[in-house]
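Trainee: I'd like to learn how to read a model like this one. Could you walk me through a few features?

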Amino acid sequence: MTAGRVQTLRVRTPEGAVFSFELASPVTRLAAWAVDKATVSAAWGLLVVIFRLLELWNNDLARGAAVAGYFVLSTGYAMILEWRWSGQTLGKRLVRLRVVDERGLRLTFAQVVLRNLLRFVDALPAAYLVGGLAALFSRRGQRLGDLAAGTIVVREAVEAAPDWTALQSGKYNSLRPYPHVVARLRQMVTPREARAALQAVLRRDRFEAAARVRLFAELAAHFRATTPIPPEAGEGISDEQFVRNLIGVLYLQGPGSDRPPAPAGAAAGTAEVSFRS
Amino acid sequence: MIINLEHFVKAETPQWRRLDDVLQRMAADPWRRPALEEARELDRLYRRASADLARIATFSAEPDTRRYLENLVARAYAEIYSAPGERGRFRVRRWLAVELPQAFRRHVGLFWLAVTLTGVGAASGGLAMAFDPDAKPVLMPYSHLQESPAERVAQEESAREDRLSGHKATFSGQLMTHNTRVTLLVMALGITCGVGTVILVFYNGVILGAVIMDYLLGGQGVFLAGWLLPHGVVEIPAMLVGAQAGFVLAQALLGRGTRENLADRLRRATPDVVTLSFGAALLLVWAGVVESFLSQYHEPVIPYLAKIAFGLLEAVVLAYYFMRAGRRADRNGPLTEAASP
């Protein structure tokens, strides 16, 4: 692998926005390729049945069609799917990879075809040795087909909108009746700690049950140690609910409040941000 | 700094969802070109999402939202900044009548380069065969070419039964796929800055020249013309068009005579490389049919004169097609939309 190999490709738009692509690793690409290979084999297995039936009518024609059919299937599979599915084949979909233009532009049909036609060289002499070596030594992990077509293979970005209902802003928050506690928390909790708690809440469903209980217990213990919490404010609620309430008072405006929340970590000297409504 | 993320997300989510809808509609049909109103809306939503991304990027508390926005902006950016010519519905008739012959003519010099290399290879193979007939197994390492031309002609002309009977379509399929594979490899080797393409084209020429010389020295020139012309006048140009595509790719890689950067050169060359490759593959389908169903039949089944005349007619039609088809579109303005990025 080259020393200058990049893991992430950043694109800055003329509007000043920056987005990035996380390059796919050779192992995930190999996994996608294996799935695609298996898919082509399975599809061919189905087509063989049709050609066998065709043999009953015309043996020669069926064999000729089978020879041409396999070539079209094995060569055209990736071309058609990558074009119709915006840079994905079945294998790439399963392992969450996508072919994109290296400059962030739309993938064109010609690019899709060229990167797949270059497989004739990438696959030489066997088992994609040329393509594998090219990908290994290329800064962006490109095989020869990708270099020619100006494409890269990236990890699929998260497409689902984040679930903000986890913060339960409209619900009762046991910390809100204690403004001095809220003020103290906003003063004492650092942005880094707040971010960690927010991420824990937003991703809570991804943890295993035992790990989830342990994580929120540790977080709750940490914040309780940071700021003395009146016993009534924490009575009868789980550690996870306590952390949710804490995030609620740090990040969200309370219901009915006409005053924006004071920024936590203000002591650290960070600035205010205004929003378009 | 901690901001009121919930208010921000609530206020902006309808716009993001709308942008997502527009992008999904566009992705559902990659050929579709958006209407003016849709394009305007896409532009407005993209700019707003970009601004939102710039805001949230300064506040890194919530990576999921940032990644979601990055993904939206990336998809919208790709749609907005890609050239409009890259989103045209593919039309077979137009591709055949205009785009393929135009692409051929745009790079006709590279076609003649492939012709020259084949010619030099053929001359080398022919001379080697003339001076050293014993080198035949080396020059033509194929078992079906090892017997003497006179013996083969005698066998073919005295055959009482159709040896391809019941196998013609299979043979045709094998010829098509084999020749297409070789031609696409010739094209793909353009990635070696054309070195691989040059070697394969020259080598094909050597074999061709050796075969021609072998039959001419054996006094079987008419048989050879009747055997090769019907499919060869399509098959050999198809391989040369494949080589031409490889040279277009190599030219873009080398970038001589242009100030464009490599990425721009490749992006501009890619449509022509693909068009020429598909054109070559299409010609090889026809050549495969002709070789199996016509070329393998000789006198007395089919007169040599008829086969030679058929081959010459194909050559004239093919030359006319590549040199003349789509010229009206040439005169009427800029090159095809699909070919101009």
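Trainee: What should I know about the model and its numbering?

Mentor: This is a predicted model, where local features need pLDDT of at least 70, side-chain atom pairs count only at pLDDT 80 or more, and totals for chains, interfaces and linings use all residues. Residues are numbered from 1 along each chain as its sequence is written, while chains are lettered from A and ligands numbered from 1 in the order in which they are written.

Trainee: How many helices and strands does chain A have?

Mentor: Chain A has 12 helices and four strands; helices (H or I, at least four residues) and strands (E, at least two) are DSSP runs, numbered from the N terminus. Of the 277 residues in chain A, 36% are buried. A residue is buried with 20 or more other C-beta atoms within 10 Å of its own, exposed with 12 or fewer, and partly exposed in between, with C-beta atoms placed from the backbone.

Trainee: At what angle do helix 10 and helix 11 of chain B pack?

Mentor: Helix 10 (residues 221-254) and helix 11 (residues 262-295) of chain B pack at about 165°, their axes 8 Å apart. Axes are lines fitted to C-alpha atoms, for helices over the stretch in contact, and angles run from 0 to 180 degrees between N-to-C directions. The angle makes helix 10 of chain B roughly antiparallel to helix 11 of chain B; under 35 degrees counts as roughly parallel, over 145 as roughly antiparallel, 65 to 115 as roughly perpendicular and the rest as oblique.

Trainee: Is Ala127(A) buried or exposed?

Mentor: Ala127(A) is exposed, with 9 other C-beta atoms within 10 Å. Ala127(A) has a positive phi of about 55° although it is not a glycine. Tyr128(A) also has a positive phi, near 55°, and is partly exposed, with 18 other C-beta atoms within 10 Å.
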